[in-house]
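Subject: Structure handover

Hi there,

Here is the structure I promised to pass on to you. My notes on what turned up follow below it.

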Amino acid sequence: MIDVQTAPAQPTVTRREAYSAPEWLVPDIHLDFDLDPAETRVKARLSVKRNGAHTDPLRLDGAGQQPLSVMIDGVAVNDWRLDGETLVIPLSGAAHTIETEVAIAPDRNTQLMGLYASGGNLCTQCEAEGFRRITYFPDRPDVLSRYAVRMTADKARFPVLLANGDPIAQGDADGGKHWAEWNDPYPKPCYLFALVAGDLAVNRGTFTTRSGREVALGIWVRAADLPKTDHALDALKTSMAWDERVYGREYDLDVFNIVAVDDFNFGAMENKGLNIFNSRYILADPDTATDYDYDAIAAVVAHEYFHNWSGNRVTCRDWFQLSLKEGFTVYRDQSFSADQGSAAVKRIEDVRGLRAAQFPEDSGPLAHPVRPESYIEISNFYTATIYNKGAELIRMMATILGPTKFRAATDLYFNRFDGTAATCEDFVACMEEAGDVDLSQFRLWYSQAGTPRVSASLDHRDGGGRATLRLAQHVPPTPGQDVKAPMVLPLKVRLFGAETGKPLTEEQLIQLDSAAETVTFEGIAERPVLSINRGFSAPVVIESDRSAADLAFLSANDDDPFARYEAMQQLMLDTLVAATIEGRADHKAVIEAVSNTIEDPELDWAFVAEAVLLPSESFIGDQLSTVDPDAIFRAREALRRDLGRSLADLWRLAYDQAPKGPYTYSPDAKGKRRLRAVALGYIAASGADDAATLAFRQFEAADNMTDRQAALTTLANGTSDEREAALDIFYNRYATNPLVLDKWFQTQALSSRDDTPAIVAELARHPDFTLANPNRARSLVGAFGVNQRAFNAADGAGYRFLADQLIALDKLNPQTAAKLLPPLGRWRRFDEARAALMRAELDRIVRTPGLSKDLFEQASKSLE
Ligand code: B3K
Ligand code: ZN
């Protein structure tokens, strides 16, 4: 399949089963940085200790640099060697002091791993394997060290010098320089190391922990952005209090700093005491950030803060255990966000995210278990499976244990493993011990990839009052795993009476743990309707034979809001799948159910807005054996138009429910804005003459980005004159704000217009487009890749465009390039002509000379 002549040398595969404890430990490290963007000198002094009885030399990982000097116990030596990029030093004793010096060039670091320059400042990113790009060190998470750091830099250019832990001392030096020393008393793996040197302003706050420690908080940004930091600071304080209350976890240093940078490979990083953030997850004011941005900022601030315990105090033994910290921390941040507003809406959003990103991953060529068995490049495993499916695993265990035992289990876990590098197995063992449950079979969730499918059918024979629920499960094959064993699926179930609308049973937790099982319910006097997987208690696909009438009934009567949403989604999906396959457009049941939902006085705005949204084009595609992007688009647009027309009055009423007064970030105001945006979309879909005028008026009158972007999105999907005008006004107004310009690119890349592929190709030549900034690359290239119809244009232009961009981006930033590849790997889901075009592009990528191992791994696995 891949021509070995032209493919890059097969990169090394790292395997979970090959784990062995480190040969040398490094209890202490002292780092001395002479910081300069062009050339930074790094002196490292490591105390090393032989771990166990062996005669192996010390091996220190390095990347992209050469040692300028090596000393053992204060004496310069020459008998070191480089094995590839690994520095190998023969040592005779049980403990030594090793000193090295290297020179690195932050301003030529386009990968944004290690020490790099962003916006004139210097910052670091070390997870997973970036520390080796700063100095020679055993770059693995199970080597924990106490860090002492000294930084020297030009005082005018870099007035602020920050590192992990607490500040110890600072002073002036010759030649206009100054220095600072920081100490982190908590032993940590090197992936949590960080420093920042820059010209930054700070928004300060304080938090007093429940045992009375006063913590100085600081959010550091460029001076002009200071007014946009209050929301993040509030979120930080709320997170700190929440983790004390809900998990009993207190903060443990005297300072906690967050720095925002514009060039960042992902969302943020939990470095001990010095979180570094992508500025999009810090900066917010009503004029530039949407409600969605505000929510995401709070969630990411909380996530990184929570890592202080789930990740830092207890870290991972090896990178195969990544979900130990990521799955658990996502679960923690999801619970935090659920507590801040509507838990039901939060659950809906999380499940929608899981279905959009993780389910396709689990059914495609890059599917892997939550605890993978092997990798070529670990950066490729920061996936929706590790994060979001990982969070679902923790949620299922919390459901099985119940809140009291779950809390006892997390206490046990934190206490037992504090200060160590642990495994997923350690976590599950604590759940078993404190929860007094047997999770032997549950562990399959860590090792088996693929989304389980559950068929459910409910039988009710008249007379006996007995209902029988037949359940069966099937886990589809995934790469390297052809045959799967049955898993433990915790399914919350309840029955409702079709005539009375009343519940006929309590909610029950059924743990389906065999291939097939029958559950009976007695005393069922009327025809029951099945509500299953309530709250999305298991991350599975339910295949049930419920009729459109029963789904409509549940969407109106279920007492679990998630189940109401889910019933509506299923009804919409069934309708859209039938319309796509058979061209049969029977919209009546959906229109009626949507109408009932809008008119239900008990529902809040935000919930209604979520419930009446149609499933995305790609989620509809996921239900089909072969995705026909054009047919899906047509079927979905037809239903949107019909909903828009049939319920025109309701949409107008909903649209007029704008929150009064200036922007507030409250659940009620957010809900109203959300529903208003959805209503505007339906008004436009109906083809109403005044739709563009309405949208443009909203665009111009808006005092906040949520309303402005909603209007822009509606206009960008259409062909009105107002579209051009709005895009120009938006661009000119925000030309100097990179985060808002990202929205300008993204909105156009997600547009449903026929000519989106051409517009996107043109935008890639726009003077403001650059692949060097990951946010910008994602806003155009990433967004286009998930625009199902545009990306999969039958002539293959979308595929070619993506491949061209990835090949170019790979030269600068392999990690970000590899992240954007998955849409090309979905070829098996499409017709033969599209599949051939996609494979040709994957093949072209794999054959590119000098390809990174990041992109090689993703592209070659996608071809298999
Ligand atoms: N732990 C980091 C992710 C690092 C990604 C490295 N490729 C952020 C987070 O999950 O909190
Ligand atoms: Zn994380």
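How do the residues of the shell around ligand 1 divide into nonpolar, polar and charged? The shell holds five nonpolar, three polar and five charged residues, where Ala, Val, Leu, Ile, Met, Phe, Trp, Tyr, Cys and Pro count as nonpolar, Asp, Glu, Lys and Arg as charged, and the others, Gly among them, as polar.

Before the rest, some conventions. This is a predicted model, so local features need pLDDT of at least 70 and side-chain atom pairs count only at pLDDT 80 or more, while totals for chains, interfaces and linings use all residues. Residues are numbered from 1 along each chain as its sequence is written, chains are lettered from A and ligands numbered from 1 in the order in which they are written, and side-chain values use heavy atoms, with hydrogens and water left out.

The ligand site

Ligand 1 is surrounded by 13 residues, and the closest are E127, A268, E270, E304 and Y387; a residue belongs here if one of its heavy atoms lies within 4 Å of the ligand.

- A side-chain N or O atom of E270 sits 2.7 Å from a nitrogen atom of ligand 1.
- For H303, a side-chain N or O atom is 3.1 Å from an oxygen atom of the ligand.
- H307 places a polar side-chain atom 3.2 Å from an oxygen atom of ligand 1.

On its own, ligand 1 has 340 Å² of accessible area, and the protein covers 96% of it (Shrake-Rupley method with a 1.4 Å probe; for residues, only the protein chains shown count as cover). Two or more shell residues come from each of β20 (268-269), α2 (291-306) and α3 (322-340). These labels are DSSP runs numbered from the N terminus, with helices (H or I) of at least four residues and strands (E) of at least two.

One of the closest residues, E127, is also joined to A128 by a cis peptide bond, with omega about 0°. A128 is in the loop between β11 (121-125) and β12 (145-154).

N275 belongs to strand β21 (residues 274-278). Its contacts (heavy atoms within 4.5 Å), leaving aside neighbours within four places in sequence, are F256, N257, I258, V259, M269, E270, E304 and Y305. N275 counts as buried because its relative accessible area is 1%, and buried means under 20%, exposed over 50% and partly exposed in between (1.4 Å probe, protein chains only).

D243, in helix α1 (residues 230-247), is likewise buried at 1%. Apart from neighbours within four places in sequence, D243 touches G248, R249, Y305, F306 and R332.

The nonpolar cores

A nonpolar core here is a set of buried Ala, Val, Leu, Ile, Met, Phe, Trp, Tyr and Cys residues joined through side-chain atoms within 4.5 Å. The largest has 110 residues, of which V594, L643, W651, L824 and I845 touch the most other members. Helix α10 (residues 561-582) is its biggest contributor, giving 10 residues. A separate second core has 90 residues, including Y251, F256, F406 and I532.

Beyond four places in sequence, I845 is in contact with A803, L806, I807, L821, L824, L851, L855 and A859.

L112 lies in the loop between β9 (95-104) and β10 (114-118) and is buried at 5% relative accessible area. F536 is in the loop between β30 (528-532) and β31 (541-544), and is buried with 0% relative accessibility.

Two more sites

R789 is part of helix α23 (residues 788-791) and counts as buried because its relative accessibility is 16%. Its side chain reaches the backbone oxygen of S752 at 2.6 Å. Setting aside neighbours within four places, R789 touches E617, P629, D630, F633, S752, R753 and D754.

D513 sits in the loop between β28 (508-512) and β29 (516-521). At 36% relative accessibility, D513 is partly exposed. Past its neighbours up to four places away, D513 is in contact with Q441, Q473, P486, M487 and V488.

Happy browsing!

Conventions:
Polar contact = N/O pair within 3.5 Å; in protein donor to acceptor, adjacent residues only side chain to side chain.
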